[in-house]
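Have the viewer open as you read.

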Amino acid sequence: MINNNSIAALKILTGCVLLLFSLSPTVHAFGGGGSQKPSVTSGQNDLNYLAGKKAVKAKDWSTAIRYLEQAVKSYPQNANAWNYLGFSYRKSGNLNKAFPAYEQALKIDPKHRGAYEYLGEAYLQAGNLPKAQAQLDRLTKICGQNCEEFKDLQKAIEVYKGTKSGSGGK
């Protein structure tokens, strides 16, 4: 027997399915920049991954980490999920977990522009300008000097250098 609760549940389920199918596997700000086209089997439509991306956009790092950790368990070859996870760890102040997440993203997708950009920013956060510069050099080889990730990391490096020179190099 179908009751009002069953109908409501069916409407919610249908809405979720339609939402999943309406989502395009495009790259968005905060963690995109991969070189491979995502597919359904790559985890780009995984509910944990999608919830993690939403939490990243909301700057809710603990929620993002919780969902993205589940996403990479379900789809360990999802380079974008690893990159978002590294981003979330970094933004929450946990560089010890951010670095391995970025490295995993790059192991899966060696041309993941977003991972190189964010890894470079993590090195700046750790005070390691030479390693940040190395990520910028890698981006130059992958996408040249006109891609968004190169420009963003270059700007972060310039700001870092200005901050360091303005404070007497400390």
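The structure contains one disulfide, a term used here for a pair of cysteine sulfur atoms within 2.5 Å. Cys143 and Cys147 are the partners, with an S to S distance of 2.0 Å. Cys143 is partly exposed at a relative accessible area of 24%, whereas Cys147 is buried at 12%. Buried means under 20% relative accessible area, exposed means over 50%, and partly exposed lies in between (1.4 Å probe, protein chains only).

Before going further, a word on the ground rules: this is a predicted model, in which local features need pLDDT of at least 70 and side-chain atom pairs count only at pLDDT 80 or more, while totals for chains, interfaces and linings use all residues. Residues are numbered from 1 along each chain as its sequence is written, and side-chain values use heavy atoms, leaving out hydrogens and water.

Now step back to the whole protein. You will find eight helices and zero strands; these are DSSP runs numbered from the N terminus, with helices (H or I) of at least four residues and strands (E) of at least two. Of its 170 residues, 38% count as buried. Taking contacts (heavy atoms within 4.5 Å) between residues at least 6 apart in sequence, 57% join residues at least 24 apart.

Finally, zoom in on Thr63, which sits in helix H3 (residues 61–74). Thr63 counts as buried, at 17% relative accessibility. Its side chain makes a polar contact with the side chain of Asp60 at 2.7 Å. A polar contact is a pair of N or O atoms within 3.5 Å; within protein, one must be able to donate a hydrogen and the other to accept it, and residues adjacent in sequence count only if both atoms are side-chain atoms.
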